[in-house]
Amino acid sequence: MKFQYFFSVALLFYSMQVYAQTGRQVTGLIKDSTGATLPWATVKLFTDKESSVVATNSSGRFTFSSVSVNQFSLMVSSLGYQGVKRHYILASGGTTVELDPIILKSDPITLRGITVTNANTVKIKEDTIEYDAAAYKVRDGAVIEDAIRKMPGLEVSKDGDITAEGKKVNIVRLNGKDYMAGDVKSLTRNLPANLVQNVQVLNDYGDQANITGIKIGNSQKVLNINIKKDKNDGYFGQGTAGIGRDATGERDGTKNGVRYVTSTNVFSFHGKRQITLSGDFNNTNTSLFTFTGGDRPNVFGSAPKGVTTGRSLGFNYRDDWSKKVKVYGSYSLADNSVYTTSKTVQNNLSGQFPSIQNSSNTGNTQDLRHRFKFNVEYTPDTVNYFKFIPTFSYSGVHIDQTFSSRLQAQNISSTLISDYTRHLLSHAKEPNFGLSVLYNHRFQKRGRNFNILVTSGTTTNKDYENPVYNYLAGNANAPVNQMINTNSRTDSAGLSLSYLEPIGKKSYLEFSYQYHNAGTGVDRLTDTVTNAGNVNRDPDLSNDYNFNFITNDFRIHYQVIDQKYKFILGLAVQPTLLKGSSSVSALTQKNIYNFSPVIHYVYNYSELQALAFDYQGVSNSPAYYQLQPVIDFSEASYPMQGNPDLLPEYNNSFQVRYNKFGDGTGKTFFANLSLTQTKHKIVVNTVTYPRNYTADPSLAGAILTKYQNASGFYDATIYYAFAKPWAKRKYSLFFNGKVTYSNNISYLTDVLDSLGTIQTIQRNMAKNLVMSQGVRFRVDLPDILDAEVNVNYSINKSKNSLADTRIDNNFQTITLGTNGNLYFFKNWTLNYNYSKVIYEGYNGATNPNVLNTYIERRFLKNNIGTLRFSIYDAFNENTGFTALQNAYVISQSNVNRLGRHYLLTFTLRLQKFAGHPPEECQVVQVGEGSLHLILKYKIQNIPF
């Protein structure tokens, strides 16, 4: 055996000596700007005496097997990319040399008058999918949203929301940096498509993960839009003004009125500096920004949207202040007035006393939002990096609402339980301040890295509610006139540490620790007002409650990064502490210890095919209203009471993703599977009281919502999308489908006597199945026709373990639609968007035909002016039906929508852009593990 080892070593040594006499091997990778490898690129090697040419393989690697000199040049070219030339000086010796990856910038090139672009319009690199914007033709003046609608795997709703691979896109970036604090529609609905080089969809795991490469935890779908290099120096401006009128007659108590819209968008680019100014003022139900947060929780579903008058203003800024300091940030303002009318039918599930509520609501809401976010990146040297992120947001909401409710037992005689109206005046103010500081240090040893992230935030809320009831029948559950003042404050602090140590050429160990402490204090003071106007404090409805949720997360990860694959295997230990106290309840303290494996695996078969899966566990804190022990009678028939003994939830999540794109054919296929199982799931326990309940008359006939932990909750989702274009994308066929299955849990408690001594508690499991299937066929004939026909079918079916045959819990929706643009006489466009919705299972639903159409003409020099006449909801049938199903309630709602109206608008577009500078060539020296710059000069022309 020793002889065999000796012989092998000797043979290897001899081979190396022979190789050294003839030349050394030089190898490397060719990549694009996203990091994706480029197969079949041409690499030409020049020396003083000779030259040779090779092509990269399917993995983007090139190899020159015998290079006999220490100085040479490489010239790299690939269709659809700018050529690059590099000069190298190698250290003496005969060892194989691995050159640093050569990056090619994506850009159409012109050869002999013919424009050549990359044949692969979609590429995959780990967690990033990139679409070549030029492959999805739209007319001059169109926004990038119009091109995104044609991209496989991406779906755009009528409201402008974007989903990628079945998941909603939450953040948008421009050239890799957050735009308008990540507000998606503010960019996609305003940025001209002809400025865009490519659109990228990525799973973002946060700044720390982007630095270390340890991509675990919750990710967000991010849309990154890159501007063409030759459009990074110039400006684009657009302004629109329009006026019109309703054509509905009196509807929902509102007479015909004037409709108007004004908007402006200005984009200015100068190198690294980017400035955007956006403004919008309209009463046509369009919104420039999307704000979240600030709303009171509603366990029975989200609030409906009605007719909105919107006023918005936004400013976005990005620049490199120096070589070491880069900044970007934004400010957004939205001031919306919303008029809402809705009708709801709600079935309350119960083991003994099911009931049904018919309610109507009319309200006006004034919603003011501010949002500021700024980022400062400071790189003092090559090994240190700082990032500072101050944030501020503000929410101010005023509500004036009239609500009527009629609650009846679901029995043969439909016994009346309660009948009342309520007038609500409410206003709330919620400012929020935050600061994040990230520091990263890269050690001299390759791959060794340390970073720390510190976060802090403060949110205060002042909420005033004045519900006034008029009881027509049944028991008066809530006081007739209440004044509820709620003051709350949440302070949070977080610390995240990460140390990365290389243990091989491709492997690393990461040790990480995360700490988060969120403390909330709430004072809720309830006064009752008598008919004489006297104000009295009600101690039974007032409360002060404080709670802290503290998590510690210890992790160790083993990571391997290879050319084809990347995987992370680790272990997480997560001790959590939840403690709370109140003047009316004893101190509670819950210590929970959770353990879970961590798995992240990505395998790139090529830049056209990838497989990935993830597994992780994470804790979730209960909300304030789920913990505080005092009954909240803001809703008379549906009071709420928290449970201070709740445990935090722990979610175990597993996800698999698969993507494949046809090589040059445009055929694409996406599929993903996600599964979540929740330990200590916080579920609802509805307690139904009889009308003759005397132990506490305020609860007679009411349904009290309480909370408790339960096991057995899980949900699974399968999504797929398939697209097949042909005839150079003139025709495209899209299929997409989604199946979601949830095992929801609730407890249904029925009080059977007037004193509450006899009760039944039953566990209800609602197995909810939602299936949807869509088919779209597109025709894209440039400057002739851009049209689509689509069909969507969805089923929402729920089966309760406590069956009640008197409740219809199966809903079906079929949507037939067609939309498109017909171009004629060169500068004329006829647009149409028609849909027919067929509802089955909805109470009182109609099957509306909705047609929106416009005709427009471009004119003035370079078609900078556009005059458009639009008709919205031509048949005046637009309605809004929604359904909610869970383990304790089934509800159907119909909310008002903006009806038929017409608009005449004028749009003016101005733009001017300069070309981009030529590509640079670098001369580098490769020595003993070192790389440094020797010379830098401009290349004016590169021969191909």
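Keep in mind that the model you have open is predicted.

**Salt bridges**

Start with the charged pairs: the count comes to 33 salt bridges. Select arginine 61 and glutamate 98, whose closest N and O atoms are 3.1 Å apart in a salt bridge. Arginine 61 sits in strand 4 (residues 61–67) and glutamate 98 in strand 7 (residues 97–98), so this pair links distant parts of the chain, 37 residues apart. Glutamate 98 counts as partly exposed because its relative accessibility is 45%.

Next, pick aspartate 562 and lysine 506. Their salt bridge has its closest N and O atoms 2.4 Å apart. Both ends are in loops: aspartate 562 is between strand 31 (543–561) and strand 32 (565–582), and lysine 506 is between strand 28 (482–502) and strand 29 (507–529), so the bridge ties together parts 56 residues apart in sequence. Lysine 506, at 44% relative accessibility, counts as partly exposed.

Now go to arginine 657 and aspartate 614, where the side chains meet in a salt bridge at 3.2 Å, N to O. Here the partners are in strands: arginine 657 in strand 35 (residues 649–661) and aspartate 614 in strand 34 (residues 609–620), so the pair ties together parts 43 residues apart in sequence. Are these two buried or exposed? Arginine 657 has 6% relative accessibility and counts as buried; aspartate 614 has 12% and counts as buried too, because the cut-off is under 20%.

For a network, select Lys150, Arg776, Arg778, Asp780, Asp786 and Glu788. Salt bridges with shared partners join these residues into one network.

**Aromatic pairs**

Switch to the rings: the whole structure has 34 aromatic pairs. Phenylalanine 661 is buried at 4% relative accessibility, and phenylalanine 670 is buried at 1%.

Then select tyrosine 839 and phenylalanine 881. This aromatic pair is tilted, with 5.2 Å from centre to centre and 55° between the planes. Tyrosine 839 belongs to strand 44 (residues 828–840) and phenylalanine 881 to strand 47 (residues 880–885), so the pair ties together parts 42 residues apart in sequence. Tyrosine 839 and phenylalanine 881 are both buried.

**Surface patches**

Which strand gives the largest share of the patch? Strand 49 does, with 5 residues. Strand 46 (865–872) and strand 49 (901–913) each supply at least two residues. Zoom in on phenylalanine 869, which is found in strand 46. At 36% relative accessibility, phenylalanine 869 counts as partly exposed.

Last stop: select Lys105, Lys229, Lys272 and Lys326, which gather in a surface patch of positive charge. Of this group, have a look at lysine 326, placed in strand 23 (residues 325–348). Lysine 326 counts as partly exposed, with 37% relative accessibility.

Terms used: Residues are numbered from 1 along each chain as its sequence is written. This is a predicted model: local features need pLDDT of at least 70, side-chain atom pairs count only at pLDDT 80 or more; totals for chains, interfaces and linings use all residues. Side-chain values use heavy atoms; hydrogens and water are left out. Patches are made of residues with over 30% relative accessible area and no salt bridge: like charges are joined within 9 Å, nonpolar side chains (Val, Leu, Ile, Met, Phe, Trp, Tyr) within 5 Å. Accessible areas come from the Shrake-Rupley method with a 1.4 Å probe; for residues, only the protein chains shown count as cover. A salt bridge is a side-chain nitrogen of Lys or Arg within 4 Å of a carboxyl oxygen of Asp or Glu. Lys and Arg count as positive and Asp and Glu as negative; His and the chain ends are not counted. The place of a charge is taken as NZ of Lys, CZ of Arg, CG of Asp or CD of Glu. Helices (H or I, at least four residues) and strands (E, at least two) are DSSP runs, numbered from the N terminus. Buried means under 20% relative accessible area, exposed over 50%, partly exposed in between (1.4 Å probe, protein chains only). Rings of Phe, Tyr and Trp (its six-membered ring) pair if their centres lie within 6.5 Å; planes under 30 degrees apart count as stacked, over 60 as edge-to-face and the rest as tilted.
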